Amino acid sequence: MKFLVQLVIIIFLGIPVYAQKSLNALRIEKPVKVDGKLDEEMWLIADKASEFIQRSPRPGKNPSQKTEVSILYNNAYIYIGAWLYDDHPERIMTELNGRDQGGNADQFTLHFDTYKDGLNAFEFAVSASGVQLDSRISPGNYDRNWDGGWYSEVVINEEGWFVEIEIPLSVLRFPSTEKQEWGLNFRRLIRRDNESLYWNEINPKISGFVNQFGILTGIEGIKTPLRLSITPYFSSYINRHYDAETQNASIMTNFRGGMDLKYGINDAFTLDMMLVPDFGQVVSDNNVLNLGPYEVYNQERRQFFVEGTDLFEKAGLLYSRRIGGKPIDYDLSEEQLSGGDEIISNPLESQIINAAKVSGRTRSGLGIGFLNALTGRTHAVIRTPEGEEKEIQTSPIINYNVFVLDQSLKNNSYINFTNTNVTRAENYYDANVIGTNFRFSDKSNNYAAGGRANISHLYGYTDVENNTSGFNTNFWAGKTGGNFLYRIGNNLESDQYQPNDLGFNRSPNNNNSYLNFEYREYEPFFKFLDFSAEVGVNYRRRYLPNVFTSLSIETSVHATFTNFLSTRVWFEFSPVEQKDFDETRTVKRFIYEPEYHSSGFSLNTDSRKKVMLSGWGYYYQTSQEGRNYVSFTLSPRLRINNQLSISTSLSGSNSHNNIGYVSNIEEDIHFGLRDVKSFTNILTTKFTFNKEMDLYLRMRHYWSSAKYDDYYLLGNDGRLEPTDYNDMHDVNFNSFNIDMIYRWIFSPASELSIVWKSSALNSTDQVLYNYFDNFSNTFDANRDNSISLKILYYLDYLMLTRSRNTI
């Protein structure tokens, strides 16, 4: 009861309890030359932020080096000057990397919480080698894909290194008030010591980050400038497809043009529109052999859908890969294909016609977002035995919508409403999901409670029985700050919950409860810089029928040693048999899974060294003799110099005597006893010419095989029974991809890129056990090669109408 009373008091009367420093910005009349020298008179008279405090490796301790920062401003720009003194300037680390990649270099970072809500912030960072990094911060999200157009210069001399930054006001969003008061913090990273310093202390015992900022005052009389920019693009492609069966190659060329438009509707809200998009240069997906019951989750890499989407993704209802994804009728049915028909082409993606999003946050902390995207009809081309070609529609016109209301509250708290909708033309079904999620914390940020509640609805089916509704609830509470932490929670999903038309949910129909306890030690002791230990219990049931499915207990220990080697060890076991409803691919049938225990470890060596090693290992053993699983990953990295680094990642797994689904024939469900092996080899090379130009090469070979030894029939009691079923299900799968990307940022937010992509897939029923035989076979498979050139040019209204230093 006391906790609930505290929550109510916090929400309405919450008062910050953290010590907050304050810095006053100085208005200037003369222009500032951004050269990193900081020799103008106004820098000498401006207030200085100093007395930084360690966040790591020794929280709360004094810094090893002196740091000072000042802020100037005028009607168009904010200027930041940082004096990063160093007793040993020759030891300042200056590895070069591409934009938004820090690498092994000292770094200076500033954060603006322009609406002072303690939740959201802009981040701008510059490394000692001059590389820029920027991002948008929101609860649970660190959006490094956001790019603003701003300027910076770095100078290194015998006193240390110095940074001068110019940020156009058009890059920021801030309230339309005469006097501004923003949340503010600065961070300095002294890389050789892994020493992270903050101006306003960031206490690791307190939950949250932005809520621990200091205050920026003194900014008055500025107005939100017209925020209008366009980024037109032109791209050209040469695509070559090699058909291994006919040994013929075909070449196609393609030219595209379009643009992105950003318009500041007012001081808080921005329209971002994409016209005739081109995503042909994104890094290739990691193709895998999927023998399981769940859909493979692919990371979103398209710039429009990863930049500034934190508000839309906050409720967990948006999986933007659905937009322009696999057509709904890609897997052509028997009714659509006649005997002897040949598929000439069947696009794996739908064409996005346009997309737009409006987002922002009011002065009262209300975030509002609206995202809309439209995809066109998609067709497969079929050739009949008579040689006639015809089109079969695989996807209609589809409209996607996401609407969000997100209210920031005191003390790192919020409440959110999200609606997603998918509307399909013609005789296809539609989908709608409504949800809310929230988090309430006390004013010390030591205790919190949160959760979500979603309702899904499928409608528009001709067969009304398919028009279904479902729900999902998730509630948790616990201690989130201090040394001792705990959390208790429950996640409930009905059997009809279906958010996957625009979201991602592996499997509904669950009722899962959990309880976790954790102890964290933030202060160095003995040979440790930090240490944590955790234990948890997970209890799972089916929603319908309401039956037990599994129980597991897990524990883990994590530590970082004084040599900056970090490691984690974990152990998990289940003392009882489990009921697996998912692997049967049916709603009411299940298969018993035996008791098990598993253990694993991970480690990362000191990233400052020229040679760094990271990796992990995992072992899983059931109570059935001979049935086990082992996997590993080993990832060494060699930094040859400040411009060139090479890394590789070797991973493998072996599932021995695995039991898996193979078929369902007239409700006879068959399982197979199999050995499943996989091996992945990734080679990555990065060469950075300078802070504006870099070259990236990634090669990935993936091999996986499944060899079946016996088959079984699933009994109604969940046990396996002998069967005479003996179809062939052996599979040997190979995928090989090359992505080589040259990028030149010739102006802020403008770039030229040249990309070579090569891909090959090979799948047979003949299992090959030699790795090199599998690798060589990819060169005999169908192969696609693409070389493309793309030019983006950022045009900002302020840049076109005034010089950069106009006051």
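N254 touches S235, S236 and Y237, leaving aside residues up to four places away in sequence. Contact here means heavy atoms within 4.5 Å. This is a predicted model: local features need pLDDT of at least 70, side-chain atom pairs count only at pLDDT 80 or more, and totals for chains, interfaces and linings use all residues. Residues are numbered from 1 along each chain as its sequence is written, and side-chain values use heavy atoms, with hydrogens and water left out.

Stay with N254 for a moment. Its place is in strand β16, residues 248-264. Strands (E, at least two residues) are DSSP runs, numbered from the N terminus. N254 and S235 are 19 residues apart along the chain, and their C-alpha atoms are separated by 8.3 Å. N254 counts as partly exposed because its relative accessibility is 25%. The scale runs as follows: buried is under 20% relative accessible area, exposed is over 50%, and partly exposed is in between (1.4 Å probe, protein chains only).

Next, a sheet. 5 strands form an open sheet with mixed pairing, in the order β2-β4-β5-β11-β10. β2 (26-27) and β10 (151-157) stand at its edges, each with a single partner strand, so one side of each is left without a neighbour in the sheet. Two strands pair if DSSP finds at least two bridges between them. β10 and β11 (residues 160-168) pair in the antiparallel sense, over 7 bridges. Within this pairing, S152 stands opposite I165 in β11.

One joins S56 and P57, with omega at about 5 degrees. P57 sits in the loop between β3 (53-56) and β4 (67-73). β4 also belongs to the open sheet described above. Another cis peptide bond joins L544 and P545, where omega is about -10 degrees. P545 lies in the loop between β30 (528-541) and β31 (548-561).

Positive phi values come next. E426 is not a glycine, yet its phi is positive, at about 65 degrees. This residue is in the loop between β24 (413-424) and β25 (430-441). With 41% relative accessibility, E426 counts as partly exposed. E667 is not a glycine either, and it has a positive phi of about 70 degrees. Its loop runs between β38 (644-665) and β39 (668-690). E667 is exposed, because its relative accessible area is 65%.

Technical notes
Helices (H or I, at least four residues) and strands (E, at least two) are DSSP runs, numbered from the N terminus.
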